[in-house]
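Here is a walk through one structure, from the contact between its chains to a few spots inside them. Have the sequence and the 3D view open as you read.

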Amino acid sequence: MNRLLKNLLAAGCLLGGTTLGFSQTKSENPGAELTVSYLRGTQKLHDLQASPMMYFTDYNGINLDYKRMKGRNRWEFGSEAKTGSMIAPALGTREFQFEEGGEGFLLIPTQYFGEIRAGYQRGLIQNEKQETYLGVNLRNQIHYADGLAMNTWAMNLLGLGVRYTHLLKLGTKHQILGDFQLPIFAFVARMPFSNVVSQPETSQFKSFMSGSTFTSVNQFQQPEIRIAYRYRLARRSSLELGYSYDWLHYSKPQTIKKSNHELGLSWVYHFQFSPAK
Amino acid sequence: MKQLIKTSLFASLFVCGLGLVSCNELMLGEEPSQGPVSTFEYLWSTFDDHYGLFEVKQLDWDEVHAEFSTKVNDQMSADELFDLFSEMLSRLNDGHVWMVKPNPGFRRFDSGPSFPDGTFDLDLIRESLSEETSFGPADNPLVLFGKFKNTNIGYLYLDHLGQAPGFYEDHIRTALAALAGTDELVFDARGIEGGDDRSAQIVASYFAEERKLYMKTRFKQSANPGDFSDWILWQLAPRSGAYTKPVVLLTDRGTGSAGETFTLAMRQNENVEIVGDFTFGAFSDNPKWELPNGWIVAMSTGDFRDQSGISYEGIGLEPDEVVINTPEEVSNGTDRALIRALSILLEN
């Protein structure tokens with residue numbers, strides 16, 4: 001009898017705790033979330049300013065993202081850093097020498113790239129099944145590689161674009177997220193037609209950036225889509241698996257086309273809870 | 001049923017989308033053929049679009065195409081193609097144009113003139129210095145300075161100008177502070193094969209008394225013939241602690257590229273006299289281009305002139321007094337250019 005009472009008490013506590021936990025999940029919304037992601041992707045680059053051949057970069061990276069949600073408003077600030085080796089599949093691995101009879105070296109450039117971003121979105125639909133948001137995103141992406149065709153290769157893209165996000169809620173633990181963004185205006189800095197950046201009494205970075213040109217979506221296209229699945233592990237944390245694809249096209253001083261396929265595994269920390277309305 | 005149709009449609013669109021973005025040719029464009037004819041056309045047109053010195057060298061590149069396009073065919077071996085390209089690029093006679101073919105069978109071709117090695121030996125000079133300070137590896141210093149034995153004449157040597165400008169700002173200031181007590185100086189630029197033109201500007205500015213234009217540069221900015229950027233003006237910018245006492249600058253055919261833009265700048269300083277041989281004669285920056293077959297070629301995309309608009313590409317800068325060392329003299333322990341520099345300074 002004593003044992004039955006104990007079991008009943010334990011089951012009751014468990015049920016109560018679960019109910020409490022469930023009700024907390026339902027009745028509280030996180031006001032902010034911090035996301036840490038591991039990124040793994042492939043970049044395909046065809047930049048005629050650098051080479052007539054395509055270069056593939058299998059890269060690893062990390063992403064840090066902070067999101068603040070209040071009512072219909074969402075603010076987001078994030079940054080990414082990635083790196084990988086660039087290989088031209090049609091050329092294979094090439095060994096050069098500085099001079100005949102000299103020591104050989106493999107020409108495998110390493111690319112470093114990353115971004116910082118800030119965005120604002122306003123909720124269009126917010127109910128128990130789905131949420132949709134529309135807003136703007138300001139993003140700066142920088143790329144640098146030393147040794148691409150034995151040259152320094154660099155590109156900086158500062159873009160202001162529209163961003164649409166669609167969130168499907170499948171119960172309390174599962175979410176599907178779709179995201180689309182498109183820069184409308186951009187400042188683009190690329191290596192000049194001569195492939196030389198040299199100005200007296202000016203750093204090369206400053207000279208390079210001073211060559212930025214303003215452009216818009218009719219000349220510069222970089223759409224990006226992302227889909228992700230999120231699983232709520234606990235009140236304060238979720239796990240997310242996402243896939244994103246972006247494609248870039250710009251024609252000055254010579255045509256560049258670039259695409260990225262990227263997988264991201266993220267841990268999301270939810271905080272600043274407030275009661276649901 | 002409606003839900004099933006919706007789901008199927010979405011899945012189909014997703015699969016089609018994935019197929020679309022996976023198609024490299026559609027999303028990224030086509031790569032050129034890697035055969036000899038295609039590679040020849042790519043090499044020729046890359047020079048046609050980007051090379052900055054056709055006007056200076058008075059070379060008709062279309063004529064070169066007419067001559068060499070008949071000699072190329074897709075049955076050529078890699079070595080035959082390399083020889084043909086080398087012959088074509090030799091028409092440019094440009095020390096900044098070179099081409100390399102990767103291993104196996106690495107080959108390098110240099111378009112510019114070649115001059116005898118061994119006309120300068122730093123170790124020979126080090127024997128005659130009473131005090132010596134150096135930065136970098138002891139046997140191959142980046143910067144070396146000291147004083148000639150039994151004189152009050154200083155000596156300053158730079159291996160190259162390839163470090164960032166801040167390096168030279170620090171080390172030249174340090175060197176000139178140490179040499180401030182000397183009456184005259186020999187600046188040896190015979191080892192400077194190249195580097196950064198901004199570094200050259202800084203070093204030369206440490207010998208300047210006034211701000212002066214010494215060089216104008218411009219770069220190709222489109223494939224259209226003669227379409228260059230605006231002139232970029234390079235001026236001496238005097239520094240505190242500048243050395244304004246008499247200086248003899250030693251140059252030779254090993255003084256190239258940024259070593260030559262440095263010499264251009266030093267020519268504007270009235271306290272500087274230049275002794276030695278002509279400089280190499282290759283001023284412009286020379287970025288590299290990749291050919292479809294994986295070879296790499298370097299070319300001059302700029303047009304560098306002195307303050308009056310004169311180009312010395314392919315010619316080199318003439319010293320105030322020509323004294324040409326031979327390798328035999330140097331190997332026997334005689335540096336006639338240095339001896340002449342010291343006698344000029346001792347006559348002051």
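The contact draws on 43 residues from chain A and 48 residues from chain B, where contact means heavy atoms within 4.5 Å.

Some ground rules before going on. This is a predicted model, with local features needing pLDDT of at least 70 and side-chain atom pairs counting only at pLDDT 80 or more, while totals for chains, interfaces and linings use all residues. Residues are numbered from 1 along each chain as its sequence is written, chains are lettered from A and ligands numbered from 1 in the order in which they are written, and side-chain values use heavy atoms, leaving out hydrogens and water.

Back to the interface. The rule finds 19 residue pairs in polar contact across it, both residues being at pLDDT 80 or more. A polar contact is a pair of N or O atoms within 3.5 Å; within protein, one must be able to donate a hydrogen and the other to accept it, and residues adjacent in sequence count only if both atoms are side-chain atoms. On the chain A side, β1 (28–47), β2 (55–70), β4 (95–97), β12 (237–250) and β13 (256–275) each supply at least two of the residues that touch chain B. The largest share, four residues, comes from β13(A). Helices (H or I, at least four residues) and strands (E, at least two) are DSSP runs, numbered from the N terminus. Sorted by class, that side of chain A has 20 nonpolar, 15 polar and eight charged residues. For the classes, Ala, Val, Leu, Ile, Met, Phe, Trp, Tyr, Cys and Pro count as nonpolar, Asp, Glu, Lys and Arg as charged, and the others, Gly among them, as polar.

Now the salt bridges. The term covers a side-chain nitrogen of Lys or Arg within 4 Å of a carboxyl oxygen of Asp or Glu. Searching the whole structure turns up 41 of these salt bridges over all chains, and two salt bridges cross the interface of chain A and chain B. Here are some examples:

| Salt bridge | Closest N to O |
|---|---|
| Glu201(A) and Arg211(B) | 3.3 Å |
| Glu210(B) and Lys212(B) | 3.9 Å |
| Arg336(B) and Glu329(B) | 2.9 Å |

Asp188(B) and Arg190(B) are both buried. Buried means under 20% relative accessible area, exposed over 50%, and partly exposed in between (1.4 Å probe, protein chains only). Glu210(B) is partly exposed at 43%, and Arg336(B) is partly exposed at 36%.

Chain A has 277 residues, of which 45% count as buried, and its secondary structure comes to two helices and 13 strands. Take Glu115(A), which is found in strand β6 (residues 110–126) of chain A. Is Glu115(A) buried or exposed? Glu115(A) counts as buried, at 7% relative accessibility. Its side chain makes a polar contact with the side chain of Gln141(A) at 3.1 Å. Leaving out residues up to four places away in sequence, Glu115(A) touches Gly78(A), Ser79(A), Glu80(A), Arg139(A), Asn140(A) and Gln141(A).

Over in chain B, helix α8 (residues 165–178) has 14 residues and reaches 20 Å from its first C-alpha to its last, close to the 20 Å expected at 1.5 Å a residue. That expected span is 1.5 Å times one less than the number of residues. Among the buried residues of α8(B) are Phe167(B), Tyr168(B), His171(B), Ile172(B) and Leu176(B). Their cover includes β3 (129–135), β4 (143–148), β5 (153–158), β6 (184–188) and α9 (197–205) of chain B.

Strand β6 of chain B is also the place of Phe187(B), which is buried with a relative accessible area of 0%. What does Phe187(B) touch, not counting residues up to four places away in sequence? Its partners include Leu156(B), Leu158(B), Ile192(B), Val203(B), Phe207(B) and Leu250(B). Phe187(B) and Leu250(B) are 63 residues apart along the chain, with their C-alpha atoms separated by 6.2 Å.
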